[in-house]
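User: I'd like to learn how to read a helical model, one feature at a time. Can we go through this one together?

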Amino acid sequence: MYGQESHTPLGQRGPAVWFRDRAGAWTAADRWPHLLEGWRKVQAYVALTKPRILLMLLFTALCAMLLAAKGWPGTRLTLGTLAGLALSSAGGAAFNMWYDRDIDAVMSRTRHRPLPAGQVSPAGALALSLVLLGASVLVLASWVNGLAALLSAAGYVYYALVYTVWLKRRTPQNIVIGGGAGAFPPLVGWAAVTGQLSLGAVWLFLIIFFWTPPHFWALALFKNADYVRAGVPMMPVVRGERAARFQSLIHAGLLLAVSATLPLVAPVGPLYLGISTVAGLAFLYSVYRMYREPDGRYLWARRTFACSLGYLPVVFLAVAASGM
Ligand code: HEM
Ligand SMILES: CC(C)=CCC/C(C)=C/CC/C(C)=C/COP(=O)(O)OP(=O)(O)O
């Protein structure tokens, strides 16, 4: 190479090294094009796993473990369970992205995902999904226990096959029934600690189960055009906004009832009851305002979606605190 090297500005294609050629003109040469390409691929594969949702799923499992163990369940068990569950949830998300690549390409919210954007091949996404599922079963069966491995694989199957393949494009009840998939993590966490399931675990499952419809329909209301374009029969598309708003209210009411009765089936105390009641009433209020909002207005729908993202960690934190 000729000439002296200068600092490395970030160009269109990433870090470059600038040289003066023999004639004295500045020219750029990419230093790490392959490294950069590789890094972009890794980022695309990570995006296939829906990482932010994954974190919330893991958080609910961890809180269930803390309650089931009535304290810290042990570092080895905790890491093994969260690693195994992360693998199956990530695998489920990659399967969903693989199967839904056609509709993701026509929805504004999802058209930049790795498959529609052409960053990952369909075969690559499916392969990743299956490898992750296999790795999850191996990790949980060898490191935790058979029931946790079975439940985590069942969560994958529920999300991939029952929700994504079977229900999502067929019925406006897709979220109500399919929402069960995202409620599996507390079951996995509970089974990891105790080796069995109990009513307490079922109640934690039900909290996420009843939380899911208002969480999703709030978003579907203000993203309705996307689902119409993609031909996905979400509640606001098929039954109309009124039905989606009303059904959300019903589910938020059931959510409050289930969360308020957790102390009857699990060792949670007054701190939990106080926090979950305040959070539940706040969420119910938001869903009620969304219900009262006229069609075509989405201020409270947006607020309810945001509120749903705050509600779940707060309530599960209260669950975890009861176990400590
Ligand atoms: C059938 C069940 C569910 C459906 C249909 C659903 C749907 C959605 C959708 C469409 C989004 C917007 C994502 C985006 O902007 O691209 C979202 C965001 C989110 N969901 Fe759900 N969800 C479900 C269940 C869950 C569950 C069980 C959890 C966790 C326990 C969860 C956690 C989250 C989080 C943390 C976000 C915000 C993350 C982000 O902005 O990427 N969801 N959900
Ligand atoms: C225990 C275990 C393995 C659970 C895995 C379950 C899992 C990843 C649940 C998440 C549910 C979810 C975010 C659905 C998104 O709906 P969508 O896929 O219709 O949303 P999209 O339009 O954003 O793709």
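User: Which residues does lysine 70 touch, not counting residues up to four places away in sequence?

Analyst: First, the ground rules. This is a predicted model, in which local features need pLDDT of at least 70, side-chain atom pairs count only at pLDDT 80 or more, and totals for chains, interfaces and linings use all residues. Residues are numbered from 1 along each chain as its sequence is written, while chains are lettered from A and ligands numbered from 1 in the order in which they are written. Now, two residues are in contact if their C-beta atoms, placed from the backbone, lie within 7 Å. With that cut-off, lysine 70 touches Pro267 and Gly323. The C-alpha atoms of lysine 70 and proline 267 are 8.4 Å apart, although 197 residues separate the two along the chain.

User: Where does lysine 70 sit, and what is its phi?

Analyst: Helices (H or I, at least four residues) and strands (E, at least two) are DSSP runs, numbered from the N terminus. On that basis lysine 70 is in the loop between H2 and H3. Its phi is positive, near 50°, in a residue other than glycine. Lysine 50 also has a positive phi, about 50°, and lies in the loop between helix H1 (33-47) and H2.

User: How do I check the length of a helix, and what covers H2?

Analyst: The expected span is 1.5 Å times one less than the number of residues. The buried residues of H2 include Leu57, Thr60, Cys63 and Met65. Among the elements that cover the buried residues of H2 are H3, helix H8 (184-194), helix H9 (199-222) and helix H15 (299-323). As for H3, its 25 residues reach 36 Å from first C-alpha to last, close to the 36 Å expected. H3 is mostly covered, with 19 of its 25 residues buried.

User: How do I read the packing of H3 and H6?

Analyst: Two packed helices are described by the angle between their axes and the distance between the axes. Axes are lines fitted to C-alpha atoms, for helices over the stretch in contact, and angles run from 0 to 180 degrees between N-to-C directions. Helix H3 (residues 75-99) and helix H6 (residues 146-167) pack at about 15°, with their axes 9 Å apart. Angles under 35 degrees count as roughly parallel, over 145 as roughly antiparallel, 65 to 115 as roughly perpendicular and the rest as oblique. H3 and H6 are therefore roughly parallel to each other. The contact includes Gly84, Ser88 and Gly91 of H3 and Ser152, Gly155 and Tyr159 of H6.

User: What classes do the residues of that contact fall into?

Analyst: Ala, Val, Leu, Ile, Met, Phe, Trp, Tyr, Cys and Pro count as nonpolar, Asp, Glu, Lys and Arg as charged, and the others, Gly among them, as polar. The contact of H3 with H6 has nine nonpolar, nine polar and no charged residues.

User: How do H6 and H8 cross?

Analyst: Their axes come within 8 Å and cross at roughly 170°. That makes H6 roughly antiparallel to H8. By class, this contact has 10 nonpolar, two polar and no charged residues.

User: At what angle do H9 and H15 pack?

Analyst: H9 and H15 pack at about 160°, with their axes 7 Å apart. H9 is therefore roughly antiparallel to H15. Trp211 and His215 of H9 and Arg302 and Tyr311 of H15 are among the residues in contact. The classes here are 14 nonpolar, three polar and one charged.

Note on methods. Buried ≥ 20, exposed ≤ 12 C-beta atoms within 10 Å, placed from the backbone.
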